[in-house]
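Let's take a friendly walk through this model, from its aromatic rings to its pocket and its surface. Please keep the 3D view open as you read.

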Amino acid sequence: MITDEMLMDDGDWNLMSAAFESKFQKEIEQLFHILSGEGLDSQQDKFKHIQLFSDYKTYLSFDMFVVRNGIHERLSKTYTSKSGGETQIPLYIALLAAFAQVYRVHHSRGKNTIRLIVMDEAFNKIDGEKIKQCIQMIRSLGLQAIFSTPPEKIGEIMEEADQALVVFRKGNQASVEEFSSFKELVGEADEL
């Protein structure tokens, strides 16, 4: 039911539409029968049953196809055999696409949203050129990003960032300073 074309087109169909309900009346009744836990004796069995059948992962599985040099590969099959960067790039693309969808980037009524994403340990396994491409994609989607990143990635990110705030910690003291360039940051760090 949840992958039916009626729900996938641009119409105003949803799970509660009369036409959808009519088309899937038998299946909807069967689902509610399953979710009610009829025929199960213990509350624990009913609870487990409800958890299983109300979880979307019971019905759907997701994977990504990576196309490189004309070769299609499932990310789930190559995830452990590829470098960290090769597996992170498709995940960043999917993450950014999801944010664009949630913030309705290409929707005429979605122009007035904050479009903020916050990433911890951003780009920790990705090289400099790919970092630049990811940040350019973020910009092209009209998203605003705040990155918390390992020190070794600061240089690549600062080249593309509008503003860089760096936290310095010395013992129990922490301070935040703004820098306009990586060169300025390196000079300040040398003085500390």
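## Ground rules

Buried stands for under 20% relative accessible area, exposed for over 50%, and partly exposed for what lies in between (1.4 Å probe, protein chains only). The model is a predicted one, where local features need pLDDT of at least 70, side-chain atom pairs count only at pLDDT 80 or more, and totals for chains, interfaces and linings use all residues. Residues are numbered from 1 along each chain as its sequence is written, and side-chain values use heavy atoms, with hydrogens and water left out.

## Aromatic pairs

Rings of Phe, Tyr and Trp (its six-membered ring) are paired if their centres lie within 6.5 Å; planes under 30 degrees apart are called stacked, over 60 edge-to-face, and the rest tilted. The count by this rule is 5 aromatic pairs. One of them is stacked: F99 and Y103, because their ring centres are 6.1 Å apart and their planes meet at 20°. Y103 is buried, at 17% relative accessible area, while F99 is partly exposed at 22%.

F168 and F179 form an edge-to-face pair, because their ring centres are 6.0 Å apart with planes at 75°. F168 sits in strand β5 (residues 164–170) and F179 in strand β6 (residues 173–179), so this pair ties together parts 11 residues apart in sequence. Strands here are DSSP runs of E, at least two residues long, and helices are runs of H or I, at least four, numbered from the N terminus. Both F168 and F179 are buried. Elsewhere, ring pairs join Y92, F123 and F147 into a cluster.

## The largest pocket

A pocket is an open set of points on a 1 Å grid over the protein atoms alone, with protein on both sides within 12 Å along at least five of seven lines; its lining residues have an atom within 4 Å of a point. The volume of the largest pocket is about 760 Å³. It is lined by 23 residues, and I146, F147, A161, Q163 and A164 are the closest to its centre. Two or more lining residues come from each of α7 (128–140), β4 (144–148), α8 (154–160) and β5. The largest share, 5 residues, belongs to β4.

## A helix residue and its contact in space

L75 lies in helix α5 (residues 75–78) and is buried, with a relative accessible area of 6%. Between L75 and D63 there are 12 residues of sequence separation and 6.6 Å in space, C-alpha to C-alpha.

Notes:
1 Å grid on protein atoms, 1.4 Å probe; cavity = no way out; pocket = protein on both sides within 12 Å on 5 of 7 lines; lining within 4 Å. Points joined across faces, edges and corners; volume = space filled by probe spheres on them.
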